[in-house]
Amino acid sequence: MSAPQEKPYIEKRDDGSISMHEDTASQDDSVQNRNAKLANPLAHISHEQLLEDAKVFAETHGLEDLVLEFQKGALVAQDPSQFEKLSQLDDEDKAIFRRELTHKWDQPYMLYYLVILCSMAAAVQGMDESVINGANLFFAPQFGIDVKTNSNNQWLLGLVNSAPYLCCAVLGCWLTDPLNRFLGRRGTIFLTALFSFLTCIWQGVTNSWEHLFVARFVLGLGIGPKSSTVPVYAAECAPPAIRGALVMMWQTWTAFGIMIGTVMDLAFYKVSDPPHITGLNWRLMLGSAGVPALVICLQVFFCPESPRWYISKGRYREAYNSLARLRRHPIQAARDLYYIHVLLQAEEGLIRNRNRFMELFTVPRNRRATLASFIVMFMQQFCGINAIAYYSSNIFSEANFSNLQALLASWGFGMINWIFAFPAIWTIDTFGRRNLLLTTFPLMAIFLLLAGFAFWIPDQKAQVGVVALGIYLFSMAYSPGEGPVPFTYSAEAFPLYVRDIGMSFATAVLWFFNFVVALTFPRLIGAFKPQGAFGWFAGWNVIGFIAILLFVPETKALSLEELDQVFSVPSHTHAAYQLKALPHNIKKYIFRMNVPDIPPLYEHEGFIGEKTYGPGGSGHA
């Protein structure tokens, strides 16, 4: 027998307090895992007390006219799987909750309007990143940056390209928390979109590489806070069953923006210079990304504000009105609002006299979420995708494409990157975030090696075809996995009291290593040649697979708040369990062997396994 194993879980007492327990129980060596008991904070409250609590809540928060809705909603939130047995619900109420389960995409118009706005914000992000791809071919020689013969110029081109991401990492992302606290989600999106619009125009009128560097650096003030805020905004407004799909729209439409950026590069490729203007084509390429940013500025305040942000300000009536616009029926909005309120009450004491940034690392639950978010954000850059997104025209030119052929091939890369993100809309909440990553990372490593080794093919036509094939296959593997998962994962991994600063940290990590990749890749190509550069990123994909296997737990099918319990499992326990599960899963799913199931890592009332269910409130899956 092994030593006694501690099992951490959270319990909600009848008096409303929360306590952390560590059970000690002997377990067989064949188990050696620690179960996280995922308890609903309302689970142990009697119906009579719950009805009274909901009544008091409504009356003390200016919602007296909705007492009955809040009482019914509280009962459903207590155990959403048992609503059919609640005598307090009439047939119409039960029909509403049945339809919520059977028609998860039947949502109000306003929710889809919000999704379209967030998708457009993501597209702006993608265009900001990719229009430089084609512009590289023109502004570099105009500003005297010859990368083919001068290694210093390779660093210089990387510096100009990477300027926005340097700003994001050191300044932009860290503005997310104060901007969100003072302006709300919508105000932050408006301000950052305005910055994007103005700086895109500014890039188009620069007259030296130094001037362009400054303009692109300031662009980071529009990119950084927006990339932190939009996924959180979507997560906080999304209903349970489709939260993951809606949040991952960020990456799907970022991919669309990357593709549109390459379309703009092609559209302006042959624009000739009028008198007194040199390089009009690349100036139009860079400026084109400002147009959709202006549209966002004009539209964002037609969407409801995040109900969680309203609650954090004590504006409960406005929070309810916001949820009512995002749900089909008032009873659903009341249920979600009450459940959010109960959970935030439990967290309220945590934010007093605390250094929230330090608690990302000092509180074990937060530290595990920070580690997991760091891994997925770091690997989104070091998987190699943005080296291709920013420099694909240069890469294809190295493979003997003409400039126009290189831009057309880059457009093909962008199109594939976008189209193959769509399967994740259906799989991210079924197959799961973690499984998508573990499936696609080995494929990405193989396809990068294919593209890199193709540069050794002596026949020029064959080389062109195999390089393009390797890059396109890599994009197909990336798009449904490491493309959408990092922002979805990071937006839901942190508890609410550190969510803004946690998301700021995660996106700062992403943009810093984005800066590193954009800065170093031209020199990497020069020093290692394409074969070595692609092999370098293939190796990082192998490392990413191992890190995700050991330290990134699954988050699908859990409420944003119930993830606290998932991250209560120590990292060494999670890693040990996954090392044992790996050979079992290879035998079962790859070799199709008939092997007995191993005990699950997580348990929850009514379900055994890594999939868990929580009350149907905002932020639930």
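The following legends describe close-up views of a predicted protein model.

Residues are numbered from 1 along each chain as its sequence is written. Because the model is predicted, local features require pLDDT of at least 70 and side-chain atom pairs pLDDT 80 or more, whereas totals for chains, interfaces and linings use all residues; side-chain values rest on heavy atoms, without hydrogens and water.

**Figure 1. Overall composition of the protein chain.** The chain has 25 helices and five strands, where helices (H or I, at least four residues) and strands (E, at least two) are DSSP runs numbered from the N terminus. Of its 621 residues, 60% are buried. Buried denotes under 20% relative accessible area, exposed over 50%, and partly exposed the range in between, for a 1.4 Å probe and protein chains only. Among contacts (heavy atoms within 4.5 Å) between residues at least 6 apart in sequence, 77% join residues at least 24 apart.

Figure 2. A pair of aromatic rings is described by the distance of the centres and the angle of the planes. Rings of Phe, Tyr and Trp (its six-membered ring) pair if their centres lie within 6.5 Å; planes under 30 degrees apart count as stacked, over 60 as edge-to-face and the rest as tilted. The structure holds 40 such pairs. One of them joins Y109 and Y113, a tilted pair at 6.0 Å centre to centre with 40 degrees between the planes. Both residues belong to helix α4 (residues 109–142) and are four residues apart, about one turn of the helix. Y109 is exposed at a relative accessible area of 61%, whereas Y113 is buried at 18%. One aromatic cluster is formed by F374, F378, F382, Y391, F512, F513, F515, F521, W536, F537 and W540.

Figure 3. Rolling a probe the size of a water molecule over the atoms shows where empty space is left. On a 1 Å grid over the protein atoms alone, a cavity is a set of points where a 1.4 Å probe fits but cannot get out, and lining residues have an atom within 4 Å of a point. Grid points are joined across faces, edges and corners, and a volume is the space filled by probe spheres set on the points. The count comes to five cavities of 30 Å³ or more. Helices α4, α9 (249–267), α16 (364–382), α17 (385–398) and α23 (499–551) each supply at least two lining residues, and α9 gives the largest share, four residues. By class, this lining has eight nonpolar, eight polar and one charged residues; Ala, Val, Leu, Ile, Met, Phe, Trp, Tyr, Cys and Pro count as nonpolar, Asp, Glu, Lys and Arg as charged, and the others, Gly among them, as polar.

**Figure 4. The second largest cavity.** This cavity holds about 80 Å³ of space. Eleven residues line the second largest cavity, and R368, F551, P553, V569 and S571 lie nearest its centre. At least two lining residues come from each of α16, α23 and α25 (571–590). The lining divides into eight nonpolar, two polar and one charged residues.

**Figure 5. Helix α10 and its packing.** Helix α10 (residues 280–287) is mostly covered, with six of its eight residues buried. The buried residues are N281, W282, R283, M285, L286 and G287. They pack against α4, α6 (176–203), α7 (209–237), α9 and α11 (290–299).

Figure 6. A disulfide is a covalent bond between the sulfur atoms of two cysteines. With a cut-off of 2.5 Å between the sulfur atoms, the count comes to zero disulfides. The closest cysteine sulfur to that of C303 belongs to C118 and is 7.0 Å away, too far for a bond. C303 is buried at 0% relative accessible area, and C383 is buried at 0% relative accessibility.

Figure 7. H329 is found in the loop between α13 (316–326) and α14 (330–348) and is partly exposed at 23% relative accessibility. Beyond its neighbours within four places in sequence, H329 is in contact with E92 and I96. H329 and P108 are 221 residues apart in sequence and 9.5 Å apart C-alpha to C-alpha. Y338 lies in helix α14 and is buried, with a relative accessible area of 4%. Leaving aside neighbours within four places in sequence, Y338 is in contact with L42, L50, D53, A54, F57, F70 and A74. The C-alpha atoms of Y338 and A54, 284 residues apart along the chain, are separated by 7.5 Å.

Terms used. On a 1 Å grid over the protein atoms alone, a cavity is a set of points where a 1.4 Å probe fits but cannot get out, and a pocket is an open set with protein on both sides within 12 Å along at least five of seven lines; lining residues have an atom within 4 Å of a point.
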